[in-house]
Amino acid sequence: MENDITELLKKRVYLFLIVLLLIVFCASFILLHQRGGSNEFTLSNARLVYEQSELQAGNTSVVQELHIAEGDHVTAGMLLVTVQSVFSDEELARLQKNVELAQRNVEQIRYGAAAVSQNTSASSEGLDAARMRMERMNELYEMGAVSAAKRNEAAAAYEQEKNALTMGRGQMTVSNAAALKAAEEQLKKAEETLAKACDHAGTTGLFAVREGVVSKIHVKKGDLIDSGASILTLDLVENCWIEAEISVEDMNRLYPGQIVRYELSGRPAEATVEEITDSDTEPEDKKIVRISVPHDRITGNEENITLHFLP
């Protein structure tokens, strides 16, 4: 009889332990599920945002050919637009005047160098006279006709004249050579600019400097555009991010570095929350969250991207 009671107690203890373990497991599952549900959420209003770069006309031009269209993905070095420069009669006259002024400047520097050369010749004559006087004083000193002081005075005068002439030649040569070189370079640039302006048949290709997506073209073939006018807008893929508005209620479940999953161009991707800032638009209870994007995933503009924020 005692053995039956012992076996019954053992069975009840085992059953109690099993039930207790099931209760603990269920409670843990419910708590984890609730915790995950409170931190994991989804946004579906995200979009790609780019740093933009404007391609501008260097001078007044006519658009000859557009080699791209809006939405095209371009790489550095790709030909975007071909233009033909256009110069007015007034601008051509101004460029011609620049050439004439540069030519006059070169001539004046060369004339100044010639004048310096003449002055140098006159200084050389003074040096010869000082040398002859020194030699004469040496002869008179040997004869006893003059004192050593007179001889030394003549020698010192000769050395002073020689040093002054040597220093003057060096300084004037370096100064004139540098000024003449700069003036000649200025003349060359002025002549090249004038020649380019006169070559109305020549065209210029404008190339992409950085990789990006053509978001807007502001001109069409045949348009006359002014200097500095915008030709197209390029969205730079090397500096791109995903941006979405988020309510204050969801802010408690969001933090920098949080893992985010999404699809871009039909391919799954994973990134992190980079920045959380205030929204510039109404209502004021909205925040902006920015997600990093690998630039090799970018193929064009995309909107309504769904973001899955993991706990």
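This is a predicted model: local features need pLDDT of at least 70, side-chain atom pairs count only at pLDDT 80 or more; totals for chains, interfaces and linings use all residues.

Tyrosine 14 is exposed, its relative accessible area being 52%.

Next, turn to the charged side chains, among which the whole structure holds seven salt bridges. Select glutamate 243 and arginine 47, which form one with their closest N and O atoms 3.7 Å apart. This pair links distant parts of the chain, for glutamate 243 belongs to strand E8 (residues 230-247) and arginine 47 to strand E1 (residues 41-56), 196 residues apart. Glutamate 243 counts as buried at 13% relative accessibility, whereas arginine 47, at 38%, counts as partly exposed.

Then select arginine 290 and glutamate 275, a salt bridge in which the closest N and O atoms are 3.6 Å apart. Here arginine 290 sits in strand E11 (residues 286-292) and glutamate 275 in strand E10 (residues 267-278). Show both pairs at once, and you have a network of salt bridges linking Arg47, Glu243, Glu275 and Arg290.

For the last stop, select glutamate 238 and arginine 210, whose side chains meet in a salt bridge at 2.5 Å, N to O. Because glutamate 238 lies in strand E8 and arginine 210 in the loop between strands E5 (204-207) and E6 (212-217), the pair ties together parts that are 28 residues apart in sequence.

Conventions
Residues are numbered from 1 along each chain as its sequence is written. Side-chain values use heavy atoms; hydrogens and water are left out. Buried means under 20% relative accessible area, exposed over 50%, partly exposed in between (1.4 Å probe, protein chains only). A salt bridge is a side-chain nitrogen of Lys or Arg within 4 Å of a carboxyl oxygen of Asp or Glu. Helices (H or I, at least four residues) and strands (E, at least two) are DSSP runs, numbered from the N terminus.
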